[in-house]
Amino acid sequence: MKDTNVLFKGEKLNHAAIYDIDANVHRLVSKIELLAYINPLNIAQERKNFFKEKFNYQPDFKYRKVKFKPYKLHRLFFSQRLERVEDELIQSLYKDIIYTYSGLVQCIETIKEPGNKFYFNSLRFFGTPTERMVDNAKFILHHQVPVSEKALFEKTLSTEDAIEYFKNFRNQYGFDFSIKTSSAMSAAAMVSNNEQCLYLKKNQKFSRHELELLGHHEIGVHLVTTFNALEQPLKVFSNGFPNNVETQEGLAVMSEYLSGKSDHDSLT
């Protein structure tokens, strides 16, 4: 049997331009983590203020300082010499990837700016739901949870309970990841691919049903994808292709359903 390391080195030499550009893009993309910037630092306090004033309060959110220079990052993205890649399909793929991440940079750099700049940049980057999607969402929201299942939906479990649950859930997989808590996040849980970490919201109350869904969603799809991508020779699999977010979230919801922990009624 031939040495796979030798084969890999030979493959890398034959496609040096692809690996060079892939490595360059990876270094640039590693600076970008949208969820790290989009979650306000003072979200918990502003939420209290909003409800205390009976919804007659305009939240004043504070965000993390952007740790890179957006214009310089744009310039470095578009300075990649894609013409070195002979295969037109691969060249086109990396061109789309560069456009995608440049759009993400535009989202990040306008989070704190007035005039709905972030809103319009995010619409341009992520797109908008179709009328059918909106109608389906409205239809699902009007469904009632059966009385026999309501105990599963009661939010009686603490963040500490959730940590123990996910530690046990983690044992089903052949990889390890850290579990941390944060008060600067709007969602109950989220994954950081760069850190290979599952973040849970501090002082959050969870239901048993929610923990089961989050396990299949965050770990069974997002983190499985992360660790599978790290095994690939090209970093583009780890960074994500165009439309990666839509695909990931679609697969995550499908995973919830196929696991048997989600059904038409429980999607409420």
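User: Which strand does Val191 lie in?
Analyst: Val191 sits in strand β2, residues 189–192. Keep in mind that this is a predicted model.

User: Buried or exposed, that Val191?
Analyst: Buried. Its relative accessibility is 11%, and buried means under 20%, so Val191 qualifies.

User: What does Val191 touch, leaving out residues up to four places away in sequence?
Analyst: Leu35, Cys197, Leu198, Glu218, His222 and Leu223.

User: How far apart are Val191 and His222?
Analyst: In sequence, 31 residues. In space, 7.0 Å from C-alpha to C-alpha.

User: Back to β2. What sheet is it in?
Analyst: An open sheet of three strands, ordered β1-β3-β2. The pairing is mixed.

User: Which strands are at the edges?
Analyst: β1 (178–182) and β2. Each of them pairs on one side only.

User: And the twist, what does it average?
Analyst: 30° from one strand to the next.

User: How many bridges join β2 to β3?
Analyst: Four, and the two strands run antiparallel. β3 covers residues 197–201. Within that pairing, Met190 stands opposite Tyr199 in β3.

User: Which helix lies across β2 and β3?
Analyst: α11, residues 208–230. It runs at about 10° to β2.

User: New topic. How many residues are in the largest nonpolar core?
Analyst: 27. Val25, Ile32, Leu73, Phe77, Tyr94 and Tyr101 have the most contacts inside it.

User: Which helices each supply at least two residues of this core?
Analyst: α2, α3 (34–38), α5 (70–78) and α6. The most comes from α6, which gives eight residues.

User: What is Val25 in contact with, leaving aside neighbours within four places?
Analyst: Phe77, Gln80, Ile97 and Ile98.

User: At what angle do α2 and α6 pack?
Analyst: About 10°, with the axes 12 Å apart. That angle makes α2 roughly parallel to α6. α2 spans residues 16–29 and α6 spans 88–109.

User: Which residues meet there?
Analyst: From α2, Ile18, Ile21, Asp22, Val25 and Val29. From α6, Ile90, Tyr94, Ile97, Ile98 and Tyr101.

User: How many of those are nonpolar, polar and charged?
Analyst: The contact of α2 with α6 has nine nonpolar residues, no polar ones and one charged.

Methods: Residues numbered from 1 in each chain as written. Predicted model: local features only at pLDDT ≥ 70, side-chain atom pairs only at ≥ 80, totals over all residues. Heavy atoms only, no water. Axes fitted to C-alpha atoms, helices over the stretch in contact; angles between N-to-C directions. Parallel < 35°, antiparallel > 145°, perpendicular 65-115°, else oblique. Contact = heavy atoms within 4.5 Å. Nonpolar A, V, L, I, M, F, W, Y, C, P; charged D, E, K, R; others polar. Buried < 20%, exposed > 50% of the residue type's maximum accessible area, 1.4 Å probe, protein only. Core = buried A, V, L, I, M, F, W, Y, C linked by side-chain atoms within 4.5 Å. Pairing = 2+ DSSP bridges.
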